[in-house]
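Student: Hi! I have a new structure to look at and could use a guide. Can we go through it together?

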Amino acid sequence: MKLELKNIKKNVLFNNQQISILKDVSMTCQSGQIVVIVGESGSGKSTLLNIMSTLDDATAGEYLWKGNNIFSFSKKKQESFLANNIGIVFQQYNLINDMPADDNVKIALYVNSEVKKRDRDKKVDEVLDKVGLYDRKKHLPNTLSGGEQQRVAIARAIINNPDIVFADEPTGNVDRDNEEHILNIIREIANQGKIVVIVTHSEVVKTFADKVYRLSDGRLIEETRSEEKLR
Ligand SMILES: Nc1ncnc2c1ncn2[C@@H]1O[C@H](COP(=O)(O)OP(=O)(O)OP(=O)(O)O)[C@@H](O)[C@H]1O
Ligand SMILES: [Mg+2]
């Protein structure tokens, strides 16, 4: 499966002035790949992820999935593309503070009619086990470390078995050991044939990538790299 962006532009109106955030962004992601996008703060990384998640509209360009242009879908069809195909790991986790880890993950199942109500708990246990948090499942977010909260967010993003996972700085607030732990989980997700797109500042994350792009001046440029992958 292939996910493709072609000549994406994003302009916003700010104080009566057009600001061009994305000028010409094209890229291709294949199943099984981890694609990493690096770029300075303010370069437009989150804007791009929001467009790819259909949470924001592009000004121009095409977004192809299995040969279909997602931008030409109705709002309703885009919503079902988002619900059925995409998992998002938000930079600030977006966990609900007064809910234990397992309930935070379970929420994602409420939009999935394929998993029966009686099977939900089992499914949550499986995915928490996968990210190494089964024994922490009754912990509230504020009693978990940053890396553990990040892994709850990953569990929530993958529980519906999406084809595509987007992660905004998934290791932004964790130490080096936790970073490697999280990246190994992400590598496993990609190895199951998923597409993973990560935006980050981290050089360590780049070493886990199959492909690295740099976002600069509204354009995406593929970085040529030496064979120094850690995995
Ligand atoms: N609705 C908007 N109106 C005006 N400017 C905007 C709007 N949305 C984003 N921007 C600007 O576009 C630029 C890109 O923002 P974006 O959040 O995508 O950057 P980023 O690469 O994710 O940065 P960071 O690494 O700090 O998270 C920023 O300069 C931001 O101020
Ligand atoms: Mg950002």
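Tutor: Happy to; keep in mind that this is a predicted model, and let's talk through a few parts of it.

Student: Okay, which residues surround ligand 1?

Tutor: Around ligand 1 you find V12, F14, I19, I21, G39, S41, G42, S43, G44, K45, S46 and T47. Elements that give two or more residues to this shell are β1 (2–14), β2 (17–30) and α1 (45–52).

Student: Which element gives the largest share of that shell?

Tutor: That would be α1, with three residues.

Student: And how do the shell residues divide into nonpolar, polar and charged?

Tutor: There are four nonpolar, seven polar and one charged.

Student: New topic: helix α5. How many residues has it, and how far does it reach?

Tutor: Helix α5 covers residues 146–158, so to speak 13 residues, and reaches 19 Å from its first C-alpha to its last. That is close to the 18 Å expected at 1.5 Å a residue.

Student: Is α5 mostly covered or mostly open?

Tutor: Mostly covered: 11 of its 13 residues are buried. Among them are V152, A153 and I154.

Student: What covers the buried residues of α5?

Tutor: The cover includes β6 (86–89), α3 (101–106), α4 (120–130), β7 (164–168) and α6 (176–191).

Student: Let's stay with α6. At what angle do α5 and α6 pack?

Tutor: At about 10°, with their axes 10 Å apart. An angle under 35 degrees counts as roughly parallel, and α5 and α6 are therefore roughly parallel to each other.

Student: Which residues meet there?

Tutor: From α5 come G147, Q150, R151, I154 and I158, and they meet N178, H181, I182, I185 and I189 of α6. By class, this contact has five nonpolar, four polar and one charged residues.

Student: How far apart are K122 and S20?

Tutor: They are 102 residues apart in sequence and 47 Å apart in space, C-alpha to C-alpha.

Student: Last one: which phi value does T54 have?

Tutor: A positive one, about 60°, although T54 is not a glycine. Most residues other than glycine have a negative phi. T54 is in the loop between α1 and β4 (60–65) and counts as buried, with 20 C-beta neighbours inside 10 Å. Y93 also has a positive phi, near 65°; Y93 is in the loop between β6 and α3 and is buried, with 21 other C-beta atoms within 10 Å.

Conventions: Residues numbered from 1 in each chain as written. Chains lettered and ligands numbered in written order. Predicted model: local features only at pLDDT ≥ 70, side-chain atom pairs only at ≥ 80, totals over all residues. Near = placed C-beta within 6 Å. Helix = DSSP H or I, 4+ residues; strand = E, 2+ residues; numbered from the N terminus. Nonpolar A, V, L, I, M, F, W, Y, C, P; charged D, E, K, R; others polar. Expected span 1.5 Å × (residues − 1). Buried ≥ 20, exposed ≤ 12 C-beta atoms within 10 Å, placed from the backbone. Contact = placed C-beta atoms within 7 Å. Axes fitted to C-alpha atoms, helices over the stretch in contact; angles between N-to-C directions. Parallel < 35°, antiparallel > 145°, perpendicular 65-115°, else oblique.
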